[in-house]
Amino acid sequence: MLTWLRELSDWVWQDRLWFPAGLGWADLKDRDGLVFAKGSDLWVIFPIAVCFLIIRQIFERTVAVKLASLLRVREKPRVRTAPNTTLEFYFCNASKFPSQSSVEELTKQSGCSVRQVQRWFRRRRNQERPSQIKKFREASWRFTFYLLAFIAGLCALIDKPWFYDMEEMWNGFPTLPLLPSQYWYYMIELGFYISLLFSVATDVKRKDFKEQIVHHVATILLISFSWLVNYIRAGTLIMLVHDASDYLLESAKMFNYAEWRKTCNYIFILFAAVFILTRLVILPFWILHTTWVYPLTIYPPFFGFYFFNGLLLVLQCLHIFWAVLILRMAIKFLPGNDIVEDERSDREETDSDEEEEDHEKTKNGFVQNGNGHTVLNNNHHHSKTD
């Protein structure tokens, strides 16, 4: 078994797969005072990720809570459901959104009316939705990291020639010496994304949950791979582009939870502009163009070239997906709309929702069922800013 794994490893890490012809891992050995990136360096990201998880818990329980109090983040009162064994069993084991036929069956089993069953499920769903404080704490943690990461990345790159001339990313590739600032920038970014992957099960879940998982995995693979094959200059630029807008989105969320609507909207406009500029203009037309076109003028194409750019294309597709959501939210800035709504999350249901549906059904000619109760279909989702 060990022999087979060793042979597999030797085949996967062949020089001809990951480097241009005539170059390989031997060219990345430390020499003459120059230090190069090594695969063994990546082991440090796991203790860093654990440190991030610990720091996050301390931050959210202290700094974030005090900041929420300072901004007067209020928790919306929620009506708790009355104990009902039949409905609770169905909610936990069958569905949180019962169909019309299931509601009618549950009315017979529980002795409640249709409206009471529907109200019970609506309130029970609200009980499981994350609180405003929890969402504020998460947003404030991400805001703090993204802002500090962007400032640190900018300081590390502002005096580098490849920050201004993209072709400098490949000048001397793959024998590009490693700088201390690059090392820590990589390890901290990787550790943070690993920590996000560890905490995704307990974080607030949104409609783009699967896309977020794909994004985290693709980002970790991209950063790790760029480290292993010494695409570090390109990697630092890509990380900086991503950090440039993320902290603005998180700060907009924070002010939204605090109900500072105008401040939230202004920041969101700024975020949308920076997001589109960095991820739909700079990333594809400057960085990706250079990673696709310029290397081919120096070396013949090789597998690592296609693999690296393939991961970048996955990220770019996700950026387009999120850009559509951002534009849909931007529509809400039209006259008469003063709240930024997050298309990715469900809004909390209220008893007035039922009254609104009754009004719509009456207006459109709907009739009541045989039991004298209006049957409402609750198997749907609404969205608002999370």
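# Notebook: an all-helix predicted model

**Entry 1. Overall fold.** I began with contacts in the protein chain between residues at least 6 apart in sequence, and 80% of them join residues at least 24 apart. The model is a predicted one, and I read every value below as computed from it. I then listed the secondary structure and found 14 helices and zero strands. Read from the N terminus, the order of elements is α-α-α-α-α-α-α-α-α-α-α-α-α-α.

**Entry 2. Burial and surface.** I looked up what share of the 386 residues counts as buried, and the value is 47%.

Entry 3. I asked which residues make the nonpolar surface patch of about 570 Å². They are Leu 2, Trp 4, Leu 5, Leu 8 and Trp 11. I placed one of them, Trp 4, in helix α1, which covers residues 2–12.

**Entry 4. Salt bridges around Arg 56.** The count for the model is nine salt bridges. Buried or exposed, I asked of Arg 56? Arg 56 counts as buried, because its relative accessibility is 6%. Glu 60 is likewise listed at 6% relative accessibility and counts as buried.

Arg 56 has a further partner: the side chains of Glu 138 and Arg 56 also meet in a salt bridge, at 4.0 Å from N to O. Glu 138 lies in helix α8 (residues 132–157) and Arg 56 in helix α3, so this pair ties together parts that are 82 residues apart in sequence. Glu 138 is buried too, with a relative accessible area of 1%. I then asked which residues are linked in the network of salt bridges. The members are Arg 56, Glu 60, Lys 134, Arg 137, Glu 138 and Arg 142.

Entry 5. I next examined Asp 246 and Arg 279, whose side chains meet in a salt bridge at 2.6 Å from N to O. Asp 246 lies in helix α11 and Arg 279 in helix α12 (residues 261–293), so the pair ties together parts that are 33 residues apart in sequence. Asp 246 is buried at a relative accessible area of 13%, and Arg 279 counts as buried at 3% relative accessibility.

**Entry 6. Phe 255.** I stayed with helix α11, where Phe 255 is also placed. Phe 255 has 19% relative accessibility; the cut-off for buried is under 20%, and Phe 255 therefore counts as buried. Leaving out residues up to four places away in sequence, I find that Phe 255 touches Leu 71, Trp 260, Thr 263, Cys 264 and Ile 267. I also noted that Phe 255 and Asn 265, ten residues apart in sequence, are 9.0 Å apart in space, C-alpha to C-alpha.

**Entry 7. Cavities.** How many cavities of 30 Å³ or more does the model hold? The count comes to six. I looked into the second largest cavity, which has about 110 Å³ of space. Its lining has 13 residues, and those closest to its centre are Thr 219, Ile 223, Ile 238, Met 239 and His 242. Helices α9 (180–199), α10 (209–228), α11 (232–257) and α13 (303–330) each supply at least two residues of this lining. The largest share comes from α11, with five residues.

**Entry 8. Backbone geometry.** Most residues other than glycine have a negative phi, and most peptide bonds are trans. I therefore recorded departures from this background. The peptide bond from Phe 173 to Pro 174 is cis, with omega near 5°. Pro 174 is placed in the loop between α8 and α9.

Asp 32, which is not a glycine, has a positive phi near 50°. Asp 32 sits in the loop between α2 (15–18) and α3, and is exposed with a relative accessible area of 76%. Arg 72 is also not a glycine and has a positive phi of about 60°. I found Arg 72 in the loop between α4 (63–70) and α5 (85–93), exposed with a relative accessible area of 61%.

Terms used. Residues numbered from 1 in each chain as written. Predicted model: local features only at pLDDT ≥ 70, side-chain atom pairs only at ≥ 80, totals over all residues. Heavy atoms only, no water. Patch = residues over 30% accessible without salt bridge, like charges linked within 9 Å, V, L, I, M, F, W, Y side chains within 5 Å. Areas by Shrake-Rupley, 256 points an atom, 1.4 Å probe, with all protein chains shown as cover. Helix = DSSP H or I, 4+ residues; strand = E, 2+ residues; numbered from the N terminus. Buried < 20%, exposed > 50% of the residue type's maximum accessible area, 1.4 Å probe, protein only. Contact = heavy atoms within 4.5 Å. 1 Å grid on protein atoms, 1.4 Å probe; cavity = no way out; pocket = protein on both sides within 12 Å on 5 of 7 lines; lining within 4 Å. Points joined across faces, edges and corners; volume = space filled by probe spheres on them.
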